[in-house]
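Please look through the structure shown below.

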Amino acid sequence: MPDPKGFMTTPREVADRRPVDERVQDWREVYPGTPGRALLPIVSKQAGRCMDCGIPFCHTGCPLGNLIPEWNDLVWRDEWQPALERLHATNNFPEFTGRLCPAPCETACVVGITGDPVTIKNVEVAIIDKAWDDSRVVPQQPEWHTDRTVAVVGSGPAGLAVAQQLTRAGHTVVVYERADAIGGLLRYGIPEFKMEKAVLDRRLKQMGLEGTQFKTGVTIGEDITGPELLERYEAVVLAIGSTVARDLPVPGRELRGIHQAMEFLPQSNKAVLGGHVEEQITAEGKDVVIIGGGDTGADCLGTSIRQGARSIMQLEIMPTPPNLRPETQPWPTYPMTFKVTSAHEEGGDRMYAVSTSRFVGDDDGNVTGLDLTEVRFDAGKFVPVEGSEKHIPAQLVLLAMGFAGPEKTVAEQLGVDLDERGNIARDEHFATNVPGVFACGDAGRGQSLIVWAIAEGRSAARGVDEFLSGSSKLPRPIGPEVRQLMA
């Protein structure tokens, strides 16, 4: 246990972000230095707020089962190397989750029942950022090499996690990515101000030194068919994500200037990283409307601000969330409360409980605005509020309404079954109905959190290792009962 009275005597404190007027002028992370460096002056006391609660519900709040009380205690005692080892014992990429995860562990913290929870996510990122600064994150070579080969399709967090685990188990692992660089949405979906790509690149360098092979610019299903992949490798892991974006089929959808968020964000990331983008979609000088109130919408907001949008409005069909945990979402569940991200601090407006009835355009076929109505939830559906119609201008509309499932080309070529939601069906070992083919992350789970993607990648790795070797020393996967409980 850390400081015995810490949770009573030390208030919750988080790292200060850079001033808004400074950070919107660049694309660097919103914290001075890195999040971990910004936290170092306060992190020891914050770790000391972790109490001897008896049953650490933060373990169940975290899909990875992170050993949170253990590394909190070690940080408070200034034992950073053992803290890093406990952190890496359950999480391959804490520098990703420490920046991008919404921290369901904190909403399950026992201290949070009557007060402010421990800043678990902040302590996590401080441990790993300090380890990188101190050159204590090094390649881990396998004890022996097998003659087994594995193809991982997709290089997002799930694909990277399964690849690193299987490489460390001694197998030859090749990761295929259709984009021109490894990382999936970590590379081109997450803006620099949330996670600079140097954070991703240093981990990829470690994986390369461990033996994982990466092949970019290869579209599985076209450049290499599914059957060809099975001929070349003894196991195939589908970590292709959930990339079929939800659309908004209302009148005027065909107008120019209406784009999916994942058309807009990757182009911006490529341009920021120095790449050339033909006819880049940009918010500069435009009235921007973002449809969708989640993290992707916030990413579009922060990106549009930095591109020089004239005005930005973010729309959400749900009513305004409460500031405090509602009674219908009791501790330790993850509550849907009002959130202010770093992007929302920087500008833009939000409208809740509204629905787009149609897009309006000019004679040249360009979008000029949206017609909206207020809505209320009644008898299981949203109904318009009479007399609430309004019009707002827009020369750029970004659809950030989530994703409906994985693309089906590879699944169809391999003959794998889909579940009732259109995701790839798999059993408790993450195996599909086709022997040697496995699925993990959003491709099998549906759109979810980065922490779930890493957890599923680690779990799938054990299933693959058992399939190839007959047994496995890798960590046991998340059991089906736990996965169903926490879904």
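**A glutamate and its surroundings**

In this predicted model, Glu-316 has a relative accessible area of 18%, and because the cut-off for burial is under 20%, Glu-316 counts as buried. Glu-316 belongs to strand E7, which covers residues 311–316.

Which residues is Glu-316 in contact with, leaving aside its neighbours within four places in sequence? They are Gly-292 and Gly-293, together with Met-351, Tyr-352, Ala-353 and Val-354. Within the chain's own local stretch, the side chain of Glu-316 reaches the backbone nitrogen of Met-318, at 3.1 Å. Cys-58, by contrast, lies 30 Å from Glu-316 in space, C-alpha to C-alpha, and the two residues are 258 residues apart in sequence.

**The cysteines**

A disulfide is a covalent bond that joins the sulfur atoms of two cysteines. How many disulfides does a search of the whole structure find? The search finds zero.

For the sulfur of Cys-62, the closest cysteine sulfur is in Cys-105, 5.9 Å away. Two cysteine sulfur atoms have to be within 2.5 Å to count as a disulfide, so the sulfur of Cys-62 is too far from that of Cys-105 for a bond.

Methods
Residues are numbered from 1 along each chain as its sequence is written. This is a predicted model: local features need pLDDT of at least 70, side-chain atom pairs count only at pLDDT 80 or more; totals for chains, interfaces and linings use all residues. Side-chain values use heavy atoms; hydrogens and water are left out. Helices (H or I, at least four residues) and strands (E, at least two) are DSSP runs, numbered from the N terminus. Buried means under 20% relative accessible area, exposed over 50%, partly exposed in between (1.4 Å probe, protein chains only). Contact means heavy atoms within 4.5 Å. A polar contact is a pair of N or O atoms within 3.5 Å; within protein, one must be able to donate a hydrogen and the other to accept it, and residues adjacent in sequence count only if both atoms are side-chain atoms.
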